[in-house]
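Subject: Two-chain model, handed over

Hello,

Here is the model you asked about.

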Amino acid sequence: MLTQQLINGVLASGIYALFAVGFTMIFGIMGVLNMAHADFGMVAAVAVVWGVSAGLAPIEAVLLAVVVMLGVALLVERIALRPGRRYSGDAAIEMPLIASIGAGMILQNTAAVVFGNKAILFPIRLRGFFHIGGYLVAQGLAVSLAIAAVLLTVLEVLVMRTGFGREMRAVAQNRNAAEIMGIHSERVILLTFAITALLAGIAGCLVGLSYGLVAPYMAIPYSIKGLVAMIVGGVGSLPGAVLGALLIGVAEALTVDLLGSQLRDVGVFLVLMLVLAVRPTGLLRTAAGG
Amino acid sequence: MGFWSTILLSACVSSIAATGLFLQIRGGQLNVGMAVFVGIGGYVSGALGTRAGFPPLASIPLAVAAGFVAGALFAALTLRLHHWFFAVTTLALSLAAVAAAGQIGFLGGNLGLTQISFLTDPVVIVAATIAACAVAWLLDRSPAGLALRAMGNDQVLAEVFGVRTKFLRVVTFGTGSALAALSGALHAHRFGTYQPNDLGFQNSLLLFVYVIVGGKTRVWGPLLGTFFLYTMPEMIPIDPRAELIVFGALMMLVAVWLPAGIAGAVAGLATRIIRPGRSR
């Protein structure tokens, strides 16, 4: 039973990692917390539902969802986050945080008005199980974990091995110095933001794929768990975010095993408090982090 | 009871918690899980009434004390966290609290407490609101209020100038939580029930919106914000489902263009009328 729960925990962590990496990349490069980040996933997921119900093929609906979601994300960046770059000090963090909470409220409640405040059946589902060595492995979550692993590997290569990645790291380290060196920092920030939004969109669709349901308010728990995973792993570190997500997934699984499935969120909180008490900077923290 | 008096009394009850949240935000403790501390008041007062037979006027002060202790304890545990680290911790707390409250049989489990004795006297509610605002106003004017403001601007700098930031953080967060608990207890005795979902993120978010839109730099900002956001949807015919979209848009507008909120705008306007020729 414990092994089965641990398998479930590791499987669930793939989706958490995709959200956590997005949060940490935005924080690393822009120095802000985008509270509407996970809502981009919700936007993509409901856009897929809408596309399929309008008669599109699933693959067309996914492409449409990506376009819609990127448009929404860039709009949020323009309205809610970019004005924050005028400020310095605490206001530079606080203003985008508040504005992006507002943006998240708009996205969630618009979706609730358009689609109704209820869970919607996701048109692409994988609800079966693999039977491996006597244990059940949910197919949807396994596919999600595999996709997350591939995406995060590509991302790590992009950040650490390419010219664009070097520009990203330079902007994260010191935006002014990067500008002086001829890096177009605004372009780098926008591209990074689009990449993180894409990760969130994919993660949102994977939630639908794995659990079969999406809802206007579904992003709230993922948002909280992604943020917690980012802090636990160490802000600004991609491997840290993945480690944090893994820890959250396993902690949830252990809480379910020891205390029952209703209390899984308590486990997340306890892990956060424990890590912050022992290592307030997170488990892995790089110089690039804020 | 009339329609408007119901709305205004609800606004009174919420404004107490919003004023508490103001004190916390003022000191730089961005609490995005305030409903948990509101809920401590509701649950403690409700449980004392239904399980031990306390009358409301005896259980509410105990609930306020419980709110103070819980808030001070949480602040003491999170002393090292700043800004959004703190914000995320309160978010995780609100998620955990809803799950935990649903599992405690003594508190009625997922259904929550029911048949809490009623206390709907408007005089009590208005008196509590005035008392809460007076506490916040006195605190804001006192030397401690100045220290609080300094800490909210820059904690390290405040420490350099001799502000005992740790003590201040614990006490102000406790005071804010005590006000929140008062609001929760009044809510519980007004409606007779208290449920785990009352601790949830949506309620915390609403309180946060009241403070931000009202203005987080003036002590009467949260009061103004709460009353504005309670009465506005009743006066302007908007679809109740679209209400939160409007709230979100207001939050964005205020964050980007009006950092001091409505209170800041009103104060700026008043200064300009009273002393023309001078900007604030």
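In which helix of chain B does N203(B) lie? N203(B) sits in helix 9, residues 201-214. Helices here are DSSP runs of H or I with at least four residues, strands are E runs of at least two, and both are numbered from the N terminus.

Some housekeeping. This is a predicted model: local features need pLDDT of at least 70, side-chain atom pairs count only at pLDDT 80 or more, and totals for chains, interfaces and linings use all residues. Residues are numbered from 1 along each chain as its sequence is written, while chains are lettered from A and ligands numbered from 1 in the order in which they are written.

**The two chains**

Chain A has 11 helices and 4 strands. Its radius of gyration is 19 Å, close to the 19 Å from the globule rule for 290 residues, so chain A is as compact as a globular protein of that length. That radius is taken over C-alpha atoms, and the rule is 2.2 Å times the number of residues to the power 0.38. Along the principal axes, the C-alpha atoms of chain A fill a box of roughly 60 × 50 × 35 Å.

Chain B has 12 helices and 0 strands. For its 280 residues, a compact globule would have a radius of gyration near 19 Å, and chain B agrees with 19 Å. Its C-alpha box is roughly 60 × 50 × 30 Å along the principal axes.

Now burial. A residue is buried if 20 or more other C-beta atoms lie within 10 Å of its own, exposed if 12 or fewer, and partly exposed in between, with C-beta atoms placed from the backbone. In chain A, 52% of the 290 residues are buried. In chain B, 54% of the 280 residues are.

Next, contacts. Two residues are in contact if their C-beta atoms, placed from the backbone, lie within 7 Å. Take the contacts with a separation of 6 or more in chain A: residues 24 or more positions apart account for 74% of them. For chain B, that share is 80%.

**Where the chains meet**

35 residues of chain A are in contact with 32 residues of chain B. On the chain A side, two or more residues each come from helix 3 (58-81), helix 4 (90-115), helix 9 (219-233) and helix 11 (264-278). Helix 4 of chain A gives the most, with 15 residues. By class, this side of chain A has 29 nonpolar, 4 polar and 2 charged residues. Ala, Val, Leu, Ile, Met, Phe, Trp, Tyr, Cys and Pro count as nonpolar, Asp, Glu, Lys and Arg as charged, and the others, Gly among them, as polar.

One helix pair deserves a look. The axes of helix 11 of chain A and helix 4 of chain B come within 7 Å and cross at roughly 145 degrees. Axes are lines fitted to C-alpha atoms, for helices over the stretch in contact, and angles run from 0 to 180 degrees between N-to-C directions. Residues of helix 11 of chain A in this contact include D265(A), V268(A), F269(A) and L272(A). Their partners in helix 4 of chain B include T89(B), A92(B), L93(B) and A96(B). The contact residues divide into 11 nonpolar, 1 polar and 1 charged.

A92(B) comes up again. Not counting residues up to four places away in sequence, A92(B) touches I224(A), V228(A), V268(A), F269(A) and L272(A). The largest nonpolar core has 193 residues, and V228(A), A92(B), A181(B), L182(B) and M251(B) touch the most other members. Such a core is a set of buried Ala, Val, Leu, Ile, Met, Phe, Trp, Tyr and Cys residues joined through C-beta atoms within 7 Å.

N203(B) is buried, with 22 other C-beta atoms within 10 Å. Leaving out residues up to four places away in sequence, N203(B) touches A35(B) and D198(B).

T175(B) is in helix 8, residues 165-191. T175(B) is buried too, with 21 other C-beta atoms within 10 Å. Beyond residues up to four places away in sequence, T175(B) touches L23(B), F68(B) and L139(B).

Q115(B) lies in the loop between helix 4 (83-101) and helix 5 (122-141) of chain B. Q115(B) is exposed, with 11 other C-beta atoms within 10 Å. Its phi is near 55 degrees, a positive value in a residue other than glycine.

Best wishes
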